[in-house]
Amino acid sequence: MRIGAPATLKWADQELTGFVEVVNVAGMYVATQRTSQPQIGDYVELVFSLPGDRRSFRVRGNVVFLDQAPPAGLKRPGFGARFERPPVTLLDAIRNLHREH
């Protein structure tokens, strides 16, 4: 599901902001502006909210792919992360997003 939600990302000793562009119960695609981004295999702590939900969700993800130069117009550069033990409340909120759209 496409959402475009702002997110804070932390890994190793670095922190940056990005946008969760796509999310599902398995993981997410996060667009980033900076060239300094996590690498494949890195674990990332993400904090973000879903549209229409006032809660902030904190989840850990494992970077599974990088997209440094996607085709123009399709999506912004970033990375895909698979969730690591996501909270049940996050999974329920994602499922509810799918029902609403």
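**Exercise 1.** Which residue stands opposite F79 in β6?

Solution. The model is predicted: local features need pLDDT of at least 70, side-chain atom pairs count only at pLDDT 80 or more, and totals for chains, interfaces and linings use all residues. Residues are numbered from 1 along each chain as its sequence is written, and side-chain values use heavy atoms, with hydrogens and water left out.
- The residue opposite F79 is L66.
- β5 and β6 are antiparallel and share seven bridges; two strands count as paired if DSSP finds at least two bridges between them.

**Exercise 2.** List the elements of the chain in order from the N terminus.

Solution. 
- Elements are DSSP runs, with helices being H or I of at least four residues and strands being E of at least two, numbered from the N terminus.
- By this rule the chain has six strands and one helix.
- Their order is β-β-β-β-β-β-α.

**Exercise 3.** Describe the surroundings of β4 by its pairings and its two faces.

Solution. 
- On the β1 side, four bridges hold an antiparallel pairing with β4, and K10 is opposite E45.
- With β5, β4 forms six bridges, also antiparallel; R58 is the bridge partner of V47.
- In a regular strand, side chains alternate between the two faces of the sheet.
- V44, L46 and F48 form the covered face of β4, while Y43, E45 and V47 form the uncovered one.

**Exercise 4.** Identify the largest nonpolar core and the elements that supply it.

Solution. 
- A nonpolar core is a set of buried Ala, Val, Leu, Ile, Met, Phe, Trp, Tyr and Cys residues joined through side-chain atoms within 4.5 Å. Buried means under 20% relative accessible area, exposed over 50%, and partly exposed in between (1.4 Å probe, protein chains only).
- The largest such core holds 24 residues. Those with the most contacts inside it are V20, V23, M28, L46, F48, L50 and L90.
- Two or more residues each come from β1 (2-11), β2 (14-23), β3 (27-32), β4 (43-48), β5 (57-67), β6 (78-84) and α1 (88-100).
- β1 gives the largest share, five residues.
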